[in-house]
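Visitor: I'd like a close look at one part of this model, and then at how the rest of the chain is put together. Could you walk me through it?

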Amino acid sequence: MAFASVVSGPSLSSTGPTQSAMASVSQPAFQRNLNLHLICPDCKEVPPNLVENFSDGDMVCGSCGLVLGDRIIDTRSEWRTFANDDQGNSDPSRVGEAVNPLLNGSQLDTMISYGAPGNNAARELNRAQSKAVHDKKDTALQSAYAKISQMCERYSLPKMVQDAAKEIYKIVEDNRKLKGKSQESIEAAAIFIACRQSGVARSFKEICLLTKVPKKEIGRISKVMESILLANGSSLSSAHANEQGYQAVATNAEDLMNRFCSHLGLSTRVTSGAQYIARRATSEGILAGRSPISIAAAAIYMAAGLFGEPRSASKIAERASVSDGTIKTSYKYLWEVRDKLIDPQWLETKKASISGLPKV
């Protein structure tokens, strides 16, 4: 085997200080050419006519046939197509899709190819094999997962909630304790529990508006589903669940505060103040027995006026989906014990003013 010639550029010549200064002004300084050119030693063509034969691992001169290199590395794609419906060999997939843990079975089924165009026998075999292998349970699960994704996207819920809701639905479906119940109720309850577990809690009323399922039905189904999840004992991989197992999480007023304040255009200072007031009210038991939405709305109504960003009760009621009468009634109890709920440091630093509180 012959060896190829390697031609390099001109070397850097040494010049005196005066000549180098003049060269830097008139033209660029000389430098070594690090580009290497592989040419055939017999033909010495520039540019060289080289052919890479990847099947044999050789590099051959296209003009004279001289072998210039062997055992060259094939830098092309190693993809092979395994898709049944790919007629043009353009699909770069090596294997099938990943196994979906939310579906039943191993999903490692053998598929019969469609065959060449016009081959009706192969097409009929493909249809018959698809009917024989096709699992009806997977079809029902995929339909339920599609509905859950559609409802979550309609309410702009994060992907984490969608995955948790699908996982909860799969656990409940395998348990078969809710067999015979409407799928819409199970899907709505799965989304409700997933929101709690993912830290983006939503109220029964909000889930009811989203799924068109009555609140009582969502509450009844969610209690049964929570008992199934507690008995199952496994944690949800898609949500912020405890590693020791599933644990029921209750919605509190602080979980709803950020979203309500954001919709009302309130600053972070008001949001933090409202969360502090709601936390103090809960610990003191001032609004015991009232829903988290009522507590959150009343705390926002109080904190907005306290920090100089007042909002009317009707505007807060519109965002929180409660009546303004409920907000004013809850605020009345907060106003009576305002000294326990307001941090003295707010008044000392003059960040808040008692005079800004709404009148009872």
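Visitor: Where is Gln162 found?

Guide: Gln162 is found in helix α4, residues 159-175. Helices here are DSSP runs of H or I with at least four residues, strands are E runs of at least two, and both are numbered from the N terminus. A quick word on ground rules: this is a predicted model, where local features need pLDDT of at least 70 and side-chain atom pairs count only at pLDDT 80 or more, while totals for chains, interfaces and linings use all residues. Residues are numbered from 1 along each chain as its sequence is written, and side-chain values use heavy atoms, with hydrogens and water left out.

Back to Gln162: its relative accessible area is 7%, so it counts as buried. Buried means under 20% relative accessible area, exposed means over 50%, and partly exposed is in between, using a 1.4 Å probe and protein chains only. Setting aside neighbours within four places in sequence, Gln162 is in contact (heavy atoms within 4.5 Å) with Ile148, Ser149, Cys152, Glu153 and Leu157.

Zooming out, the chain has 14 helices and 5 strands, and 34% of its 360 residues count as buried. Take contacts between residues at least 6 apart in sequence: 59% of them join residues at least 24 apart.

Now for the cores. A nonpolar core is a set of buried Ala, Val, Leu, Ile, Met, Phe, Trp, Tyr and Cys residues joined through side-chain atoms within 4.5 Å. The largest has 39 residues, of which Met257, Ile300, Met302 and Ile327 touch the most other members. At least two residues of this core come from each of α8 (253-263), α9 (268-284), α10, α11 and α12 (324-336), with α10 giving the most, 12 residues. Leaving out residues up to four places away in sequence, Met257 touches Thr271, Ala274, Gln275, Ala278, Ala296, Ala299 and Ile300. There's also a second, separate core of 34 residues, which includes Leu102, Ala188, Ala194 and Leu210.

Two of those helices are worth a look as a pair: α10 (residues 292-306) packs with α11 (residues 313-320) at about 145°, their axes 10 Å apart. The axes are lines fitted to C-alpha atoms over the stretch in contact, and angles run from 0 to 180 degrees between N-to-C directions. On the α10 side the contact uses Ile293, Ala297, Ile300 and Tyr301, and on the α11 side Ala313, Ile316 and Ala320.

Finally, the strands. β3 (residues 50-53) and β4 (residues 58-61) pair in the antiparallel sense over 4 bridges; two strands pair if DSSP finds at least two bridges between them. Leu50 has Cys61 of β4 as its bridge partner. The two strands form a hairpin with 4 residues between them, and Gly57 in the turn has a positive phi of about 75°.
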